[in-house]
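Dear colleague,

Please find the structure below, handed over for your own work.

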Amino acid sequence: MTALAHRLDEIERSFSPTPLVPVADEKVDLHAKLEFCNPTGSSKDRSAFWILKRAVERGEITSSTTVVESSSGNFAISMSSFCRALGVEFVPVIDPNCNAATEHYLRAACDRVEKVTERDSSGGFLLSRLARVRELETALPGAYWPNQYANADAAEAHFLLTGGEIAGTLGSLDYVFIGVSTGGTVAGLSQRLKKEFPQVKVVAVDTEGSVIFGRAPQARKLPGLGSSIVPPLVATAEIDDVVIVSEHEAVLGCRALLRRSGLFTGGSTGSTYAAMQRYFADRDNSAGRPSALFLCADRGTAYAETVYNDTWVAEALGGETRTSATVAG
Ligand SMILES: Cc1ncc(COP(=O)(O)O)c(C=O)c1O
C-alpha cells in the first residue's frame with residue numbers, strides 16, 4: 001500500500017455514520033440526517049474524501065500534486081483538512097460570500113488562498129472563481145482540479161455513503177428534500193433512495209438568484225445553495241419537484257428549526273427546512289402522515305454573524321427576523 005493510500009485509510013476511519021434523528025413536525029414524520037457530524041463539520045466531507053480517494057486510486061493525485069478548487073466554504077474546509085492529512089498542497093479559490101470564520105480557518109490551514117472579488121456576468125462569483133482555478137491549473141506544476149461540479153465521484157460518495165446509511169436505517173421513506181449547488185448530493189442520494197424506496201419523491205431545493213433550475217440570475221449573499229452555472233451532475237439526478245427559497249426564507253427556516261428542535265444549522269439547511277414546511281403547509285393528512293427526510297448539511301456556527309445576526313439580516317436581506325410566524329405559519 002502506498003503512503004497516500006495508507007493516509008486515506010486513516011482519514012476514512014475518522015468518519016462514522018451520521019445520526020438520523022426525529023424532528024417534531026405537525027404534518028410529517030420528519031427525520032434529520034446530521035451531516036454536520038462529519039469530521040470537518042459538513043456534508044462536503046463525503047464528496048471531498050471520495051473524490052480524493054478515487055483520484056489517488058487512479059494515480060491522478062500523488063504526493064507532489066497541488067489540488068486547486070473553487071468553493072464558497074465547506075468543500076474547501078473538507079479539502080484543506082484532508083489534503084493536510086495526506087501531505088498534499090491545496091489552494092482554495094473563494095469569494096466574498098465566504099463566511100469570515102471559514103476564511104480565517106482556510107488562511108490558517110492553507111499556504112495560499114485565492115479570493116476573487118469581481119462578480120461574474122450572472123451577478124454571482126462562481127464564473128470568476130472557475131476562471132481563476134483554470135489560470136492556477138495552468139500556472140502551478142502538478143495541479144489537479146477535482147471539478148466538483150462535474151465529478152461523478154462526488155455523486156458516488158452520496159450514493160454509497162450518505163444514501164447507504166439512510167437505506168440501512170429507515171424501513172421506508174416518502175419524501176426527501178435535498179439542497180442543490182454542485183448537484184453531487186442530489187445526484188447520488190436521489191439515485192440511491194429511488195433504488196431503495198421506489199415510491200420516494202425527491203424534492204430539490206434551490207435558492208432565488210441561482211440558475212440551476214432555469215431561473216434568472218441574481219446576486220446571492222449566503223454560501224451553500226445555488227449556482228451561477230447549471231452543474232452537469234444535476235442532469236444525472238432523479239428529481240420529482242423543485243422548490244425555490246429566498247435567502248430571507250432560509251434565515252427564517254434556520255431560526256424556526258433552532259427554536260423548534262434545537263438544531264443549530266447553516267443557511268442551506270434553513271432553506272431545505274423552509275421548503276419542506278411550505279411544501280406540506282396545505283397538506284390534508286386524513287389519509288395518514290408521510291415520512292420525510294432532510295440533511296442538516298452544516299452547523300450554524302459559521303453563520304453567527306449572518307443568518308443569526310439581526311443587523312446583518314436587516315441590512316443584507318432587508319428582512320425582519322423576530323417573527324414567531326416564521327415559515328410554517
Ligand atoms: C452547506 C451546504 N449545503 C448544501 C450544499 C449543496 O451540495 P451539493 O454541492 O452537493 O449540491 C453545499 C455545497 O457546497 C453546502 O456547502
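**Ligand site**

A polar side-chain atom of S268 lies 2.7 Å from a nitrogen atom of the ligand. Please note from the outset that this is a predicted model. The protein buries 93% of the 390 Å² that the ligand exposes when taken alone.

The ligand is surrounded by 14 residues, and the closest of them are K44, S181, T182, T185 and S268. Sorted by class, this shell consists of 9 polar, 3 nonpolar and 2 charged residues.

**Helix α2**

K44, listed above among the closest residues to the ligand, also belongs to helix α2, which covers residues 44-57. The helix has 14 residues, and the distance from its first C-alpha to its last is 20 Å, close to the 20 Å expected at 1.5 Å a residue.

How many of the 14 residues of α2 are buried? The count is 12, and the helix is accordingly described as mostly covered. Among the buried residues are the charged residues K44, D45, R46 and K53, together with F49, W50, I51 and L52. The elements against which the buried residues of α2 pack are as follows:

- the helices α1 (3-13), α3 (74-86) and α6 (152-169);
- the strands β2 (29-33) and β6 (143-144).

Just after α2, G59 adopts a positive phi of about 80 degrees.

**The loop between α8 and α9**

Two residues of this loop deserve a separate entry. T265 is located in the loop between α8 and α9, and G266 lies in the loop between α8 (247-261) and α9 (267-280).

Is G266 buried or exposed? Its relative accessibility is 0%, so G266 counts as buried. T265 is likewise buried, with a relative accessible area of 0%.

Leaving out residues up to four places away in sequence, G266 touches C254, D298, R299, G300 and Y303. The C-alpha atoms of G266 and V307 are separated by 7.7 Å, although the two residues are 41 residues apart along the chain.

**Two other loop positions**

N147 is placed in the loop between β6 and α6. Phi of N147 is near 45 degrees, which is a positive value in a residue other than glycine. With a relative accessible area of 22%, N147 is partly exposed, since buried would require a value under 20%.

V230 is situated in the loop between β8 (201-207) and β9 (241-245). Its relative accessible area is 52%, and V230 is therefore exposed, the cut-off being over 50%. When neighbours within four places in sequence are set aside, V230 is in contact with V211 and I212. V230 and Q191 are 39 residues apart in sequence, and their C-alpha atoms are 19 Å apart in space.

With kind regards

Conventions:
Residues are numbered from 1 along each chain as its sequence is written. This is a predicted model: local features need pLDDT of at least 70, side-chain atom pairs count only at pLDDT 80 or more; totals for chains, interfaces and linings use all residues. Side-chain values use heavy atoms; hydrogens and water are left out. A residue is near a molecule or strand if one of its heavy atoms lies within 4 Å of it. A polar contact is a pair of N or O atoms within 3.5 Å; within protein, one must be able to donate a hydrogen and the other to accept it, and residues adjacent in sequence count only if both atoms are side-chain atoms. Accessible areas come from the Shrake-Rupley method with a 1.4 Å probe; for residues, only the protein chains shown count as cover. Helices (H or I, at least four residues) and strands (E, at least two) are DSSP runs, numbered from the N terminus. The expected span of a helix is 1.5 Å times one less than its number of residues. Buried means under 20% relative accessible area, exposed over 50%, partly exposed in between (1.4 Å probe, protein chains only). Contact means heavy atoms within 4.5 Å.
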